[in-house]
Amino acid sequence: MKRIYNFNSGPAVLPVEVLEEASRGVLELGKSGVSVLEIGHRGKDYEAIHTEARERLLRLMELSAEEYEVFFLGGGASMQFAMVPMNFLPANGTAEFLHTGEWSTKAMAEARRFGGVRMAGASEATRFDRLPSEWKFTRGASYAHITTNNTIEGTQWKAIPEVPAGVPFFADASSDILGVKRDYSKFDLIYAGAQKNLGPAGATVVVLRKSMLARVPSTIPSIWSFATHAKAGALYNTPPVFAVYVLGLNLKWLESVGGVSAIVEKNERKAALVYEALDEFPGVYDPTVKVKEDRSTMNITFRLLDANREADFLGGSRALGMDGLQGHRSVGGFRASLYNAFPEEGAQVLADYLRRFAGR
Ligand SMILES: *Cc1c(COP(=O)(O)O)cnc(C)c1O
């Protein structure tokens, strides 16, 4: 099979080794005589998959199982937009957000259903073409919330803002979890849809500081209560078994290639290849993020100054085996997603193409 260079933003590229092992698991899990699709979620085979995935995730995030719970839930990061305030935003409380794009818009909209929402900082005035340059979180806020990487707009927090002591700090890390150098212990809750940088669609990872569980009200529906999932050992109901299985294989792959520090170096090289090519031709390309330090290493967004050449650009990229370069429908232009599993060679192919196209 000839693999394309898959620049899609999610579901996104996975390592071939992971796809091969997952395919074998679909036929037979080890020597068990059953497919991974056929095993019970309370049996020892799944227990091993679940435990291993949780342990690898915490190890890669440099967090301890004494301090943090790990849940593999359904519903996507979008469900967390509602589940997080349902658990941690009382009606008389205020959640404070750094407003940096479409995903923070959605997170705030859901939080407003439960309590107060305040923007601690925003870059909407410049249409999210950078991160906010100033912000202020308030002592006593119910929690502070940040989107670590803005998948659609192409900005990424390199240094994480400080929040006042005692304010729980939450992150939507869907599109850069384990793809960037990060001190995750600064956070009390981290959530991420798996389908960007962790695995296939179907599982959403939530990593929660255990001390937060005492704040969960007993009145909310069981399935949406983090306390329920914690009490049930993260197996309250049937988890997305296959997605957790592939996520676990992907984390194993990440460890096998040197872990987060090695992949971050590779990610930085890939992003530099593409940004350098874009920056060489300011008369052709318009990188949409206007402050260089805010540029994402995971999602590179740009436009053509001559929008009439867009179809030509896309057609030429497809002819060279590249796919998924179209920007998000809400912003247009182009987006190259360079997640952990995206090969360095593909970034070079895109950089070469950007130079050739600019010269035409
Ligand atoms: C994709 C994405 C989401 C939404 O994820 P779903 O799993 O589709 O619900 C939320 N936040 C960020 C930062 C994303 O990239």
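**Backbone, surface and ligand shell**

With a relative accessibility of 72%, E62 counts as exposed, where exposed means over 50% relative accessible area, buried under 20% and partly exposed in between, using a 1.4 Å probe and protein chains only. Before I continue, please note that this is a predicted model, in which local features need pLDDT of at least 70, side-chain atom pairs count only at pLDDT 80 or more, and totals for chains, interfaces and linings use all residues. Residues are numbered from 1 along each chain as its sequence is written, and side-chain values use heavy atoms, with hydrogens and water left out.

To return to E62, its phi is near 60°, a positive value in a residue other than glycine. E62 sits in the loop between helix 2 (44-61) and strand 2 (68-73); helices (H or I, at least four residues) and strands (E, at least two) are DSSP runs numbered from the N terminus.

A positive phi, about 65°, is also found at L178, which is not a glycine. Is L178 buried or exposed? Its relative accessibility is 1%, so L178 counts as buried. L178 belongs to the loop between strand 8 and strand 9.

S175 is likewise placed in the loop between strand 8 (169-172) and strand 9 (189-193). At 1% relative accessibility, S175 counts as buried. The side chain of S175 is joined to that of N149 by a polar contact of 2.8 Å. By polar contact I mean a pair of N or O atoms within 3.5 Å; within protein, one must be able to donate a hydrogen and the other to accept it, and residues adjacent in sequence count only if both atoms are side-chain atoms.

One further backbone feature deserves mention. The peptide bond from G10 to P11 is cis, with omega near -5°. P11 lies in the loop between strand 1 (5-6) and helix 1.

Let us turn to the ligand. Which residues surround it? The shell consists of G76, A77, S78, F81, W103, T147, N149, T151, D172, S174, Q195 and K196, a residue being near a molecule if one of its heavy atoms lies within 4 Å of it.

By class, the shell has three nonpolar, seven polar and two charged residues. In this scheme Ala, Val, Leu, Ile, Met, Phe, Trp, Tyr, Cys and Pro count as nonpolar, Asp, Glu, Lys and Arg as charged, and the others, Gly among them, as polar. Helix 3 (residues 76-88) gives the most to the shell, with four residues.

How do individual atoms stand relative to the ligand? A polar side-chain atom of S78 is 2.6 Å from a ligand oxygen atom. For Q195, a polar side-chain atom lies 2.8 Å from an oxygen atom of the ligand. At A77 a backbone N or O atom is placed 3.2 Å from an oxygen atom of the ligand. Taken alone, the ligand exposes 390 Å², and the protein buries 87% of that; accessible areas come from the Shrake-Rupley method with a 1.4 Å probe, and for residues only the protein chains shown count as cover.

Finally, consider G321, in the loop between helix 8 (310-319) and strand 13 (322-323). G321 is partly exposed, with a relative accessible area of 24%.
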